[in-house]
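Thanks for coming, everyone. Please look at the sequence and the model on the screen, and I will walk you through a few places in it.

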Amino acid sequence: MTVMYKKCKVVEAGNYKDCPLMEDDMLWVDMILAGAKCMNIDAYLCNVRTNRDMIARRGGLKYYKKYKRARKQILDTGFITKKQYRKNNRIQFIVCIMPKWLRKFVFFKLIHKKAAGKKNS
């Protein structure tokens, strides 16, 4: 959600590329492969609100196919292995085919709860 970077590093990495659903991820991969230094910080810098539309957008076979194509672009950079690619696709496929109510439960009760626990630690 929140990122800081040097513009020159983005330009050196080739800027944003066409990679539907994962333009940011692809940029980070390109930057890392170009030698940019990266780090996460433990501070939460923004409060993100989600709604039912977010849950609906992350489901269905059409979404999964886009996701798979984007992950393939990342695989083609050599940044991830075929094993990681297959694992990520299996997980995403399961998330995409589950009913909205179950996806909502996973996002809001499991993932959000886990992130909130880390935030409060």
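Start with Thr2. Leave aside its neighbours within four places in sequence, and Thr2 is in contact with Leu45 and Cys46. Keep in mind that this is a predicted model. Where does Thr2 lie? It sits in the segment before helix H1, which covers 7-12. Is Thr2 buried, exposed or partly exposed? Its relative accessible area is 41%, so Thr2 is partly exposed. Now find Asp25. Thr2 and Asp25 are 23 residues apart along the chain, and their C-alpha atoms are separated by 13 Å.

Now step back to the whole protein. There are six helices and zero strands. Read from the N terminus, the elements run α-α-α-α-α-α. The C-alpha atoms fill a box of roughly 45 × 35 × 25 Å, taken along the principal axes. The protein has 121 residues, and 25% of them count as buried. What about contacts? Take those with a separation of 6 or more: 64% of them join residues 24 or more positions apart.

Next, a helix pair. Two packed helices are described by the angle between their axes and the distance between the axes. Our pair is H4, residues 61-77, and H5, residues 82-97. Their axes come within 10 Å and cross at roughly 165°. Angles over 145 degrees count as roughly antiparallel. That is why H4 is roughly antiparallel to H5. The crossing of H4 and H5 is right-handed.

Which residues meet there? From H4 we have Leu61, Tyr63, Tyr64, Tyr67, Lys68, Arg71, Lys72 and Leu75. From H5 we have Lys82, Tyr85, Asn88, Asn89, Gln92, Phe93, Cys96 and Ile97. Sort this contact by class, and you get nine nonpolar, three polar and four charged residues.

Pick out Gln92, in helix H5. Its relative accessibility is 14%, and buried means under 20%, so Gln92 counts as buried. Not counting residues up to four places away in sequence, Gln92 touches Arg58, Tyr63, Tyr64 and Tyr67.

For contrast, go to Lys62, in helix H4. Lys62 is exposed, with a relative accessible area of 67%. Lys62 and Gly14 are 48 residues apart in sequence. In space they are 28 Å apart, C-alpha to C-alpha.

On to the inside. What makes up the largest nonpolar core? It has 10 residues in all: Cys19, Met22, Met26, Val29, Tyr67, Ala70, Ile74, Leu75, Ile80 and Tyr85. Helix H2, residues 23-33, and H4 each supply at least two residues of this core. H4 gives the largest share, four residues.

Setting aside neighbours within four places in sequence, Tyr67 is in contact with Leu21, Met22, Asn88, Asn89 and Gln92. There is also a second, separate core of five residues, including Val10, Leu27, Met31 and Ala36.

Last stop, helix H2. Met26, Leu27, Val29, Asp30 and Met31 are buried there. The buried residues of H2 pack against H1 and H4. After H2 comes Gly35, and its phi is positive, near 100°.

That is the tour. Questions, please.

Technical notes:
Residues are numbered from 1 along each chain as its sequence is written. This is a predicted model: local features need pLDDT of at least 70, side-chain atom pairs count only at pLDDT 80 or more; totals for chains, interfaces and linings use all residues. Side-chain values use heavy atoms; hydrogens and water are left out. Axes are lines fitted to C-alpha atoms, for helices over the stretch in contact, and angles run from 0 to 180 degrees between N-to-C directions. Angles under 35 degrees count as roughly parallel, over 145 as roughly antiparallel, 65 to 115 as roughly perpendicular and the rest as oblique. A crossing is left-handed if the near helix is turned anticlockwise from the far one by less than a right angle, and right-handed if clockwise. Contact means heavy atoms within 4.5 Å. Ala, Val, Leu, Ile, Met, Phe, Trp, Tyr, Cys and Pro count as nonpolar, Asp, Glu, Lys and Arg as charged, and the others, Gly among them, as polar. A nonpolar core is a set of buried Ala, Val, Leu, Ile, Met, Phe, Trp, Tyr and Cys residues joined through side-chain atoms within 4.5 Å. Buried means under 20% relative accessible area, exposed over 50%, partly exposed in between (1.4 Å probe, protein chains only).
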